[in-house]
Structures are given as structure tokens and as C-alpha cells.
Amino acid sequence: MSLTTAKRFTIAEYHRLAELGFFEENDRVQLIKGEIIQMAAKGTPHSVCKTRLERELYKLVSDRASEYRYYEERYLDYLENYQSSFCI
């Protein structure tokens, strides 16, 4: 009996796979601990959880919440360039 181990990808290798067209345009994948993981589509439970989390975060850091929103928007703009290889 032989054992096999899964290939662990580096971030550079992951980006290179995206450049080479390894992923389809609408693939929802992400790199976690070196493994390429297929992501489930965002649904209602995800959206509800995100909204509730944002409300609680706002309560905790209300004076800095607008700063958080600004950085979130900048981060999302950045990720649009990597849509086929990154998902939030």
C-alpha cells in the first residue's frame, strides 16, 4: 500500500494557475493552507450573518466604523482584479 500526499500550492503558484487559465471565469475557489478549495455560493444565511456581524462590529468600534468601511471598499476594489482566483 502506498500513501500519497496532496500538493500544497504557494501563493505564487496559485496566481500563476489563474494567469494560465486553469480556473474558469466564474469559478469560486480560494487558497487555504496550500490547498485550492471550491467555495459554495453565497446564500441568504451568509448574507444575514454578514449583516449581523457588521452591526455588532459597528457597536464595538462606532467611532472607527467609517474607516473600516473605507478599507473594506478598497480591499474589494483590489480583489476585482483577481476575481477568478479570489472570492469573499
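The model is predicted, with local features requiring pLDDT of at least 70 and side-chain atom pairs counted only at pLDDT 80 or more, while totals for chains, interfaces and linings use all residues. Residues are numbered from 1 along each chain as its sequence is written, and side-chain values use heavy atoms, with hydrogens and water left out.

## Overall layout

The chain has three helices and two strands, in the order α-β-β-α-α from the N terminus. Helices (H or I, at least four residues) and strands (E, at least two) are DSSP runs, numbered from the N terminus. The chain has 88 residues, of which 12% are buried. Here buried means under 20% relative accessible area, exposed means over 50%, and partly exposed lies in between (1.4 Å probe, protein chains only).

The accessible surface of the chain is about 7700 Å², and carbon and sulfur atoms supply 54% of that surface. These areas come from the Shrake-Rupley method with a 1.4 Å probe; for residues, only the protein chains shown count as cover. Among contacts with a separation of 6 or more, 43% are between residues 24 or more positions apart. A contact means heavy atoms within 4.5 Å.

## Salt bridges

The whole structure contains five salt bridges. A salt bridge is a side-chain nitrogen of Lys or Arg within 4 Å of a carboxyl oxygen of Asp or Glu. The table includes three of them.

| Arginine 8 | Glutamate 35 | 2.7 Å |

The salt bridge of arginine 8 with glutamate 35 spans 2.7 Å, N to O. This pair links distant parts of the chain, with arginine 8 in the segment before α1 and glutamate 35 in strand β2 (residues 35-38), 27 residues apart. Helix α1 itself covers residues 11-19. In space, the C-alpha atoms of arginine 8 and glutamate 35 are 5.6 Å apart. Their side chains are also joined by a polar contact of 2.7 Å. A polar contact is a pair of N or O atoms within 3.5 Å; within protein, one must be able to donate a hydrogen and the other to accept it, and residues adjacent in sequence count only if both atoms are side-chain atoms.

Arginine 8 counts as partly exposed because its relative accessibility is 46%. Glutamate 35, at 32% relative accessibility, is likewise partly exposed. Apart from neighbours within four places in sequence, arginine 8 contacts Glu13, Lys33, Gly34 and Glu35.

Glutamate 19 and arginine 16 are three residues apart in helix α1, so about one helical turn separates them. Glutamate 19 is exposed at 60% relative accessibility, whereas arginine 16 is partly exposed with a relative accessible area of 44%. Lysine 50 and glutamate 54 are four residues apart in helix α2 (residues 44-60), so they too are separated by about one helical turn. Lysine 50 is partly exposed, at 37% relative accessibility.

## Lysine 33

One of the contacts of arginine 8 is Lys33. Lysine 33 sits in the loop between β1 (29-32) and β2. Its relative accessible area is 76%, so lysine 33 counts as exposed. The phi angle of lysine 33 is near 50 degrees, a positive value in a residue other than glycine. Most residues other than glycine have a negative phi.

## Aromatic groups

Two aromatic pairs are present in the structure. One of them joins phenylalanine 22 and phenylalanine 23, in an edge-to-face arrangement with 5.2 Å between centres and 80 degrees between planes. Rings of Phe, Tyr and Trp (its six-membered ring) pair if their centres lie within 6.5 Å; planes under 30 degrees apart count as stacked, over 60 as edge-to-face and the rest as tilted. Phenylalanine 22 is exposed, with a relative accessible area of 55%, whereas phenylalanine 23 is buried at 8%. Tyr14, Phe22 and Phe23 form one aromatic cluster.

Lysine 7 lies over the face of phenylalanine 9, at 5.3 Å from the ring centre. A charge sits over a ring if NZ of Lys or CZ of Arg is within 6 Å of the ring centre and within 35 degrees of the ring normal.
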